[in-house]
Amino acid sequence: MLQSLGVVAGEAISLRTPNKDGYNLQPANVAVIVNTDNPDSVRAGEYYLKVRSIPADNLIKVSIPGSPKKLSAQYFSQFRQELDALLQPGHQVIVLMWTAPYAVECNSITSAITMGFDPEQCANTCAPAKHPNRYFNSRSLKPFNDLGYRLSMLLPVQSFDEAKALIDRGFASDYSAPAATAYYLTTSDTNRSSRSVFFPPSGKVAQRYLEIKNLKTDSIRDVQDVMIYQTGLVTVPHLDTLQFFPGAIADHLTSTGGDLLGSGQMSSLRWLEAGATASYGTVSEPCNYWQKFPNPAVLLRHYLMGASAIEAYWKSVAWPVQGVFIGEPLASPYRR
């Protein structure tokens, strides 16, 4: 049985909870933002409130005509002011119920909402972040109270039916802790394998019924037990042969996976379409700093401790300015 879940900056990662209270995000802590110019967005938002028992007052309606992929800094500034005026002190999490917009200039919309728009990054998108994520691998259970961060995640709405299926998967995952496998692939693409040093070793986490497979290969296929899949490639093959458990999280390190509606590289949406419940990708060229992508050891640690998908993913990215978090944020297969 694994005694730890990898190493971050030389420190062993254990399964001990961040404090005695444990993760306990409540429906009242969730604000759901819908775009009134998109009927499916509104319908999906209302469905999400019903499934997750989120108070009706937590539904916030905004208007973003045309659903552009990217917002200007000026447009976003006004949007953020209007949104902040509608949020309540108890809101720890923001769910954006649409596919686009997903970027604010070179920033992701989720980082811009949570941490504020960072124009300095756009002067050189390959530069290290000047404003790191203070929530990274932290002990915080209430990010807005502790850090002034309202964690945000985009729940894509390509159609109401697809959004409904994603919401249902997230809800079905809660407390499930199935016998599953976490796959970590060090591929032949050396540049996109920059975070493989943080892949946990193969073994079993018996308390969570999870097997870890640390593999040197470009892909897996025909496996039916995926809870975590992290790799590094421009395009990940054989996704249609995989079976993801509800609550599964998956992502690939590449330049523009977060360009959700782009055609240059594989969109992170492909993970959700294949059956994953949450993912991550960058919206502009980040270069291959591991800090700009989910740290596998940190993500695994917090997810297995009972964090929701949004909490675990946000805690795993040290420099998330360019990265968009997508999926059903409240999925919690290891919550206790």
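The legends below describe close-up views of a predicted model. In this predicted model, local features need pLDDT of at least 70 and side-chain atom pairs count only at pLDDT 80 or more, whereas totals for chains, interfaces and linings use all residues. Residues are numbered from 1 along each chain as its sequence is written, and side-chain values use heavy atoms, with hydrogens and water left out.

View 1. In the pair shown, the sulfur atoms of Cys106 and Cys122 are 2.3 Å apart. Cys106 is buried at a relative accessible area of 8%, whereas Cys122 is partly exposed at 27%, where buried means under 20% relative accessible area, exposed over 50%, and partly exposed in between (1.4 Å probe, protein chains only).

**View 2. A disulfide joins Cys126 to Cys287.** The S to S distance of this pair is 1.9 Å, and with 70° about the S-S bond the link is right-handed. Cys126 lies in the loop between H4 and H5 and Cys287 in the loop between strand E15 (278–282) and helix H8 (296–304), so that the link spans distant parts of the chain, 161 residues apart. Cys126 is partly exposed, with a relative accessible area of 24%, and Cys287 is also partly exposed, with 29%. When bonded cysteines are counted along the chain, the disulfides follow the pattern 1-2, 3-4.

**View 3. Ser138 is a buried residue in a loop.** The loop runs between helix H4 (119–123) and helix H5 (143–147), and Ser138 counts as buried because its relative accessibility is 13%. Its side chain reaches the backbone nitrogen of Ser140 at 3.3 Å. Leaving aside neighbours within four places in sequence, Ser138 is in contact (heavy atoms within 4.5 Å) with His302 and Lys315.

**View 4. Helix H9 (residues 309–316) is mostly covered.** Of its 8 residues, 8 are buried, and Lys315, a contact of Ser138, is one of the buried residues of H9. Among the others are Ile310, Glu311, Tyr313 and Trp314.

**View 5. A cis peptide bond joins Ala100 and Pro101.** The omega angle of this bond is about 10°. Pro101 is found in the loop between strand E6 (93–97) and strand E7 (103–104).

**View 6. Ser53 has a positive phi although it is a residue other than glycine.** Phi of Ser53 is near 55°, and the residue is placed in the loop between helix H1 (39–52) and strand E4 (59–62). At 56% relative accessibility, Ser53 counts as exposed.

**View 7. Ala177 has a positive phi although it is not a glycine.** The phi of Ala177 is about 40°, and Ala177 is found in the loop between helix H6 (160–173) and strand E10 (180–185). With a relative accessible area of 21%, Ala177 is partly exposed.

Methods. Helix = DSSP H or I, 4+ residues; strand = E, 2+ residues; numbered from the N terminus. Polar contact = N/O pair within 3.5 Å; in protein donor to acceptor, adjacent residues only side chain to side chain. Disulfide = S-S within 2.5 Å.
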